Amino acid sequence: NLSEIGTIERAILRLGCYEVLYTSLDNAVVINEAIELAKKLCNETSPKFINGVLDAVCKEQEVSA
């Protein structure tokens, strides 16, 4: 449920999803930067969660393309 995700995690995911979907940045770089932000700003489980979500978005984008 989206309401169960923390505010900072949602912001990181929004930024990461935007960069994956609408910019020409390398997906690995986008995911790595999002994970680094989560490590600094969120709890210890957030980096894994953000990695999983952004990886799924990247895979979905590849299938759609």
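## Salt bridges

The structure holds 2 salt bridges, a salt bridge being a side-chain nitrogen of Lys or Arg within 4 Å of a carboxyl oxygen of Asp or Glu. This is a predicted model, in which local features need pLDDT of at least 70 and side-chain atom pairs count only at pLDDT 80 or more, while totals for chains, interfaces and linings use all residues. Residues are numbered from 1 along each chain as its sequence is written, and side-chain values use heavy atoms, with hydrogens and water left out.

Side chains of opposite charge can pair when their charged atoms come close. In helix H2, the side chains of lysine 39 and glutamate 36 meet with an N to O distance of 3.6 Å, and these two residues are separated by about one helical turn because they lie 3 residues apart. Lysine 39 is exposed at 53% relative accessibility, whereas glutamate 36 is partly exposed at 31%; here buried means under 20% relative accessible area, exposed over 50%, and partly exposed in between, with a 1.4 Å probe and protein chains only. In helix H3, lysine 59 and aspartate 55 form a salt bridge at 3.2 Å, N to O, and being 4 residues apart they are also separated by about one helical turn. Lysine 59 is partly exposed with a relative accessible area of 49%, and aspartate 55 is partly exposed with 31%.

## Helix H1

Helices are DSSP runs (H or I, at least four residues), numbered from the N terminus. Glu9, Ile12, Leu13, Gly16 and Val20 are the buried residues named in H1, and seen down the helix axis they fall within an arc of 100°, so they line one face of H1. That arc is taken from the directions from the helix axis to the C-beta atoms.

The buried residues of H1 pack against H2 and H3, where contact means heavy atoms within 4.5 Å. On the face of H1 turned away from this buried side are the exposed residues Thr7, Arg14 and Tyr22.

## Helix H3

Helix H3 covers residues 46–64, and its 19 residues reach 27 Å from the first C-alpha to the last, close to the 27 Å expected. Its buried residues are Ser46, Pro47, Ile50, Leu54, Val57 and Cys58, which fall within an arc of 100° seen down the axis of H3 and so line one face of the helix. Among the elements covering these buried residues are helix H1 (7–22) and helix H2 (27–41), while Lys48, Glu60 and Val63 are exposed on the other side of H3.

Which residues does asparagine 27 touch, not counting residues up to four places away in sequence? Asparagine 27, found in helix H2, touches Val20, Cys58 and Gln61, and asparagine 27 is buried with a relative accessible area of 17%.

Leucine 25 has its place in the loop between H1 and H2, and leucine 25 counts as partly exposed at 45% relative accessibility. Leaving out residues up to four places away in sequence, leucine 25 touches Glu19 and Val30.

Key
Expected span 1.5 Å × (residues − 1).
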